[in-house]
Amino acid sequence: MATNIYLSLGGNLGNTLEIFKNVYPILEKKIGPILHFSSLYQTKAWGNTQQADFLNQVLELNTKLNPQELITQLLSIESELGRVRKQQWEARIIDLDILFYGNQVVQESNLQIPHPFLPQRKFVLIPLAEIAPNLIHPILQKSMEALLNDCPDSSEVKQLEL
């Protein structure tokens, strides 16, 4: 059975725009069809702020993979594109995070869905609210639009004109 999922893409090393364009067909081949693309957004780095700005985007896909298969594939795609994980909040070629997997809640040692930091991050909420403003967070029972309105993050998130 197929499930609609939301992924966030982020990156700040190399030609991020080109890397995003290259990852779309890989995601469609290994995960499933992309149903919606948000706009691209530029944001200051979060956590470790002494690095280049990030490009961020949210995608809605449809997948037949279960959550564990999905995280395994996403980590493999990151690795395939050259991501090496050394420390938290470091510069990266690509970051692929699961935001939502249908309305499922997953609490496992290697995976938490919905993404636990989603309500605090405008760089995720703005593109998510763009493509799914009425999507309801299965734990908080609030729409993406409401979460964005309540978000304590004051960082600037700039939509790119391409």
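**Notes on salt bridges, cores and a buried glutamine**

1. Let's start at the surface: Lys44 counts as exposed, at 56% relative accessibility. Please keep in mind throughout that this is a predicted model. The side chain of Lys44 meets that of Asp53 in a salt bridge, with 3.5 Å from N to O. Asp53, for its part, is partly exposed, with a relative accessible area of 27%.

2. How many salt bridges does a search of the whole structure find? The count is three.

3. The Lys30 and Glu80 pair deserves a look of its own. Their closest N and O atoms are 2.8 Å apart, forming a salt bridge. Because Lys30 lies in helix H1 and Glu80 in helix H2, this pair ties together parts that are 50 residues apart in sequence. Lys30 is partly exposed, with a relative accessible area of 28%; Glu80 is also partly exposed, with 45%.

4. Now for the interior. In soluble globular proteins, nonpolar side chains tend to be buried together. Here the largest nonpolar core has 27 residues, and those with the most contacts inside it are Leu27, Ile31, Leu61, Leu70, Leu74 and Ile98. Elements giving two or more residues to this core are strands E1 (3–11), E4, E5 (95–101) and E7 (111–113), along with helices H1 (16–30) and H2 (67–80). Which of them gives the largest share? That is H1, with six residues.

5. Setting aside neighbours within four places in sequence, Ile98 is in contact with Leu70 and Leu74, and its other partners include Tyr6, Leu7, Pro67 and Ile113. Tyr6 itself belongs to a second, separate core of 18 residues, which also includes Tyr41, Val124 and Ile126.

6. Is Gln57 buried or exposed? With a relative accessible area of 4%, Gln57 is buried, since the cut-off for buried is under 20%. What lies 2.8 Å from a polar atom of the Gln57 side chain? It is the backbone oxygen of Ser38. Ser38 is also among the contacts of Gln57 beyond four places in sequence, a list including Leu7, Leu9, Phe20, Tyr24, Phe37 and Leu40.

Note on methods: Residues numbered from 1 in each chain as written. Predicted model: local features only at pLDDT ≥ 70, side-chain atom pairs only at ≥ 80, totals over all residues. Heavy atoms only, no water. Buried < 20%, exposed > 50% of the residue type's maximum accessible area, 1.4 Å probe, protein only. Polar contact = N/O pair within 3.5 Å; in protein donor to acceptor, adjacent residues only side chain to side chain. Contact = heavy atoms within 4.5 Å. Core = buried A, V, L, I, M, F, W, Y, C linked by side-chain atoms within 4.5 Å. Helix = DSSP H or I, 4+ residues; strand = E, 2+ residues; numbered from the N terminus. Salt bridge = Lys/Arg side-chain N within 4 Å of Asp/Glu carboxyl O.
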